[in-house]
Amino acid sequence: MANIHPAGVFDTTYEQDMSVDRTARDKLWKNLAFVALLLVPLASVSGPLELGWISDQYVGLIARISIFVIAVQGLNILVGYTGQISLGHAAFMAIGAYGSAIMARELGFSFWTALPASALLTGAIGLLFGLPSLRVKGFYLAMATLAAQFIIPWVLRYPLEDLTGGPRPLSVPAPIIGPFVAYADDELTDGEPFAFQAGDPYFVDVISLELTDATAYTVVELVNPAGDVLPYGDVSMTVSRDSAGNITRLTYIASKAGEYQAVVRAEAGGSFKAVVRRSKALSFATDIAMYYIIVPLAVLLMFLARNIIRTRTGRAFVSVRDNDLAAELLGINVFGYKLRAFFLSAVYAGIAGCLLAFERNSLSLYAFELDISIEMLAMLIIGGAGFPLGAMFGVTFIRILQEAFIPFLRPWLADFLPQLFPFVDAVNITSAINPIVFGGALIIFLALEPRGIAHRWEVLKAAWKLRPYAY
Amino acid sequence: MPVKLHVDKISLSFGGIKALNEVEFQVNAGEIFAVIGPNGAGKTSLINSINGFYHPQAGAIIFEGSDITHMPPYKRAALGISRTFQNIALYTNATVLDNLMAARHIHMKTGMLSGALFWGAAQREELAHRRRVEEIIDFLEMEHIRKSIVGTLSYGLRKLVELGRALALEPTLLLLDEPMAGMNIEEKEDMARFILDIHELQGTTIMLIEHDIGLVMDISHHIAVIDFGVKIGEGAPAEISRDEAVIAAYLGEEEH
Ligand SMILES: Nc1ncnc2c1ncn2[C@@H]1O[C@H](COP(=O)(O)OP(=O)(O)OP(=O)(O)O)[C@@H](O)[C@H]1O
Ligand SMILES: [Mg+2]
């Protein structure tokens, strides 16, 4: 795409010509948009300022849009810029989601290490499924990636059932920073209940019990404000044991407000030394807190992708897409760059998957099926494949359509559609409203603007910048 | 003069068709070497074999003394072999500038990570190569089209852009497949001047395929003639124009 200069603005240096924001005004708009995005939760009903200007549901909506913008931008790198195809993008998200959840649950990884680790894991598996691109293109490559869409969820569901819970939902702990402020140490004695008060949803209490010198088998019981004894498998709890299987350390993040109780008991005649330490950590258990992880990360990843695309790697991607023979002649290792694109695309999917897991606190395999892969491709096409903002436009458009426009039209459609299709059972029609509108939007775009919203946007922007001269 | 390229008895066939049959010649460093021959003689197949798109069934390609017969094309490009296509293979949806920048690939280092951050070294590198590309654009007198989308340009200009892209690789061996085909007289003269300038200013070894015999005689130092995949003559332009077999197969046919 040729860059179009605003009337009266000329580049005097190559730096200026290469920059993404041509004028100070471009930059200002972008920064304002970013700041506005960051202010949304503050203005929401349950925001800390209790302003109530914006309904809480929009906080979650923007966060979920941002997660899918990340995923679809990954797809954009692969499909839009490198000209490969993937029907398995949702499966790659599943690796990021389940990978990070298992790292957090089983290996005691914090969110901050699980995020890059699961992203790299997803990238590596993406690379693996990119190998067929050495030999096949187009339709056949689509089939090969479709294999990923079937194999990955199957592996997560059956062979890894012990870790993933199979078809059952899997809970995921909230991200925390810390614990960093220790505020009390106490010694516990056998059977004596120890109670403490937890409260703040942002600045949560972390209780950690340390057991030493146990002469017999000891048990630790932690009771939450509802009176339930918490199981050792609870996602907010990490337990370490010695070689004999005795608990040596137990850490629990108390994100619910109320009184907690801890009791340590030794078997008859046994003794132990137990110290309980309470400290504070910053928690991201709320929608608003997660928003501040997800949205800036999405903006950062869009920025990084934009830079990759406009430098050497991106030019190689586009060369492979537009003419792979000529790319080879320019010294570009075509297969190597296809693999890089598969890797990068999967890394983005993995990050999106991980964010999804930690945002929802609960994971289910149904969120990563084939229809989601196809939906993401449709979002990319509608938004504009091969445009830097294509993913953002596509996801936002479809999500607003699904979450605001369709609910609004639903009563009318529920009346109208059965008249249009009198031969179909009315019940079936109502349940099909979502796909009908989605499919309709896709057909309209393919027919009228196959290059997507981003292309329209660039045309409009160019026209605006060239004013007052139309040509 | 040292030997730049040695095509050592290569044979290439497609099914029943023998496109090349034990073709052998040497190109000396720093010369303009022309290959002529009638349509379908195997000239393009020869260039494709040198640059690695085709794999001869027999024989070897020796570049600067090392055997590159089994090397993939992208590695040969990195060694300094660059080419243009008879039927132009540019990125038609991109600007002239972007086409040339893409050809700086082998001279750049920025990887995915440093490119993503676009700080320091990556930014300086981008700038340095942008300057180099602008020099090539100036050299080929294409300043006025540097931001044009290639697909909107005339055929003659596209040929020029493709030459620019081949030059952006900074090759030491440049393979030109009919660079003047389909051009008008004026464009042909410009192209001939550019080829001579590249040869003179950069000392690039050039292998040229061209049908315009007058022009070939004028600008090349050495000529090989092939017909039906067989080399039927080789020598300095003056020798070639006297060679009986060549006249019969090719020059004669041109003259009526
Ligand atoms: N990829 C291919 N598959 C099958 N046959 C081929 C292929 N490439 C070339 N040939 C055949 O090899 C022979 C030589 O073709 P080539 O294109 O090398 O000739 P040329 O000398 O470049 O001709 P022209 O002057 O028309 O460009 C022709 O008979 C052609 O049909
Ligand atoms: Mg040819």
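Domain bounds in this predicted model come from an automatic or database domain assignment. On that basis, chain B is divided into domain 1, which comprises residues 1-80 together with 171-256, and domain 2, which spans residues 87-170. The C-alpha centres of domain 1 of chain B and domain 2 of chain B lie 26 Å apart. Across the boundary between these two parts of chain B, 20 residues of domain 1 are in contact with 13 residues of domain 2, and the area buried between the two domains is about 1,300 Å², with carbon and sulfur atoms giving 72% of that area. Within the area that domain 1 of chain B buries against domain 2 of chain B, 36% is supplied by P171(B), F194(B) and I198(B), a contribution that is more than that of any other three residues.

The interface between the two chains was examined in the same terms. The contact takes 34 residues from chain A and 38 residues from chain B, and the two chains bury about 3,300 Å² between them, of which 63% lies on carbon and sulfur atoms. On the side of chain A, R312(A), L329(A) and L330(A) supply 23% of the area buried against chain B, which is more than any other three residues provide.

Ligand 1 is surrounded by 14 residues, the closest of which are G40(B), K43(B), T44(B), S45(B) and Q86(B). Classified by residue type, the shell around ligand 1 consists of five nonpolar, seven polar and two charged residues. With regard to secondary structure, strand 2 (17-28) and helix 1 (43-51) of chain B each supply at least two residues of this shell, and the largest share, three residues, comes from helix 1 of chain B.

An N or O atom in the side chain of S45(B) is 2.6 Å from an oxygen atom of ligand 1, while a backbone N or O atom of A41(B) lies 3.2 Å from an oxygen atom of the ligand. A nitrogen atom of ligand 1 takes part in a further pair, at 3.0 Å from an N or O atom in the side chain of Y54(B). Of the 630 Å² of accessible area that ligand 1 has on its own, the protein covers 66%.

Definitions and conventions
Residues numbered from 1 in each chain as written. Chains lettered and ligands numbered in written order. Predicted model: local features only at pLDDT ≥ 70, side-chain atom pairs only at ≥ 80, totals over all residues. Heavy atoms only, no water. Near = heavy atom within 4 Å. Polar contact = N/O pair within 3.5 Å; in protein donor to acceptor, adjacent residues only side chain to side chain. Areas by Shrake-Rupley, 256 points an atom, 1.4 Å probe, with all protein chains shown as cover. Helix = DSSP H or I, 4+ residues; strand = E, 2+ residues; numbered from the N terminus. Nonpolar A, V, L, I, M, F, W, Y, C, P; charged D, E, K, R; others polar. Contact = heavy atoms within 4.5 Å. Buried area = accessible area lost by both parts, 1.4 Å probe.
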